[in-house]
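Welcome! Please open the model in your viewer, keep the sequence panel beside it, and follow the stops below one at a time.

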Amino acid sequence: MTKEDRFVVNPLISWFKKQKAHWTLCKPSQGTHATGWDIEASRNKLDLLIEAKFIAGPSLSSFAGLVTAPSAKRAQHSMVRKYRSWCHGVCWAIGIKPPRNMYQILFDYMARSPKFWKHYDEDLRMKYIFFVQEGEVTKIPFTAFLRMTKLYADRADGKTLAPRRRIAEDLLSTYLKRHPSAATHI
């Protein structure tokens, strides 16, 4: 079992199973190194195609894998004649090892090219970013993350690393310290 399976995929599958909505979950039998999506979650008129990465070291190559995943021609498990359903949404699942500096790194990464990310969101039908840390799942809509990235870029301009990390934590505070009942709805 890889770290990606243990720290990202399995906790996220457990999180989906605890939801009030009944999700049909599919995961490749060979694990995350198989072709296809790491997790496919389906329910009434919503298919989430999830690419998972566990980031504990250098993050640039992991981000490259996340960014290119939706553009690859991967077959959706439940589709027979086409690759994706009409109601699909692509998601990222990012496993984080403490400390939470990954938020600031991701904001810096995305703030460099806001026009690209706007088109990326629209063209590839991005839905959510799931952050998985120590078994806890935080779900953030991709469009909300893009809005926060713009705010981050405005506030962090010219600041050193420590203030940028505080700004990132402040922007995500509503999602990271959410009410327990908010965690059960998608």
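Following the sequence, their order is α-β-β-β-α-β-α-α-β-β-α-α. This is a predicted model, in which local features need pLDDT of at least 70, side-chain atom pairs count only at pLDDT 80 or more, and totals for chains, interfaces and linings use all residues. Residues are numbered from 1 along each chain as its sequence is written, and side-chain values use heavy atoms, with hydrogens and water left out.

Now colour by burial. Of the chain's 186 residues, 50% count as buried; buried means under 20% relative accessible area, exposed over 50%, and partly exposed in between (1.4 Å probe, protein chains only).

**Stop 1: the strands**

Select β2, residues 39-43. Here 4 of the 5 residues are buried, so the strand is largely enclosed by the rest of the structure. On one side, β1 (residues 24-26) pairs with β2 in the antiparallel sense over 3 bridges; two strands pair if DSSP finds at least two bridges between them. Show L25 and you will see A41 of β2 opposite. β2 also pairs with β3, again antiparallel, over 5 bridges, and E40 has L49 in β3 as its bridge partner. The hairpin of β2 and β3 has 2 residues between the strands, and K45 there takes a positive phi near 55 degrees.

Move on to β4, where 9 of the 9 residues are buried. β4 pairs in the parallel sense with β3 over 9 bridges, with D47 standing opposite H88. It is also parallel to β5, over 6 bridges; look for G95 and its bridge partner V132 in β5.

**Stop 2: the cores**

Next, show side chains. The largest nonpolar core has 35 residues, of which W92, I94, F131, F142 and F145 touch the most other members. A nonpolar core is a set of buried Ala, Val, Leu, Ile, Met, Phe, Trp, Tyr and Cys residues joined through side-chain atoms within 4.5 Å. Elements giving two or more residues to this core include β3 (46-55), β4 (88-96), β5 (126-133) and α5 (142-156). α5 gives the most, with 7 residues.

Centre on F142. Leaving out residues up to four places away in sequence, F142 touches W92, M110, W117, Y120, D121, M126, K127, Y128 and I129; contact means heavy atoms within 4.5 Å. Apart from this core lies another, of 20 residues, among them A52, F54, A93 and V132.

**Stop 3: helix α4**

Finally, select α4. Which of its residues are buried? They are W117, Y120, D121 and L124. Look down the axis of α4: these buried residues fall within an arc of 100 degrees, so they line one face of the helix. That arc is taken from the directions from the helix axis to the C-beta atoms. An α-helix has 3.6 residues a turn, so residues three or four places apart point the same way.

The buried residues of α4 pack against α2, β4, α3, β5 and α5. Turn to the other side of α4 to find K115 and D123, which are exposed. Just after α4, end your tour at R125, which takes a positive phi of about 60 degrees.
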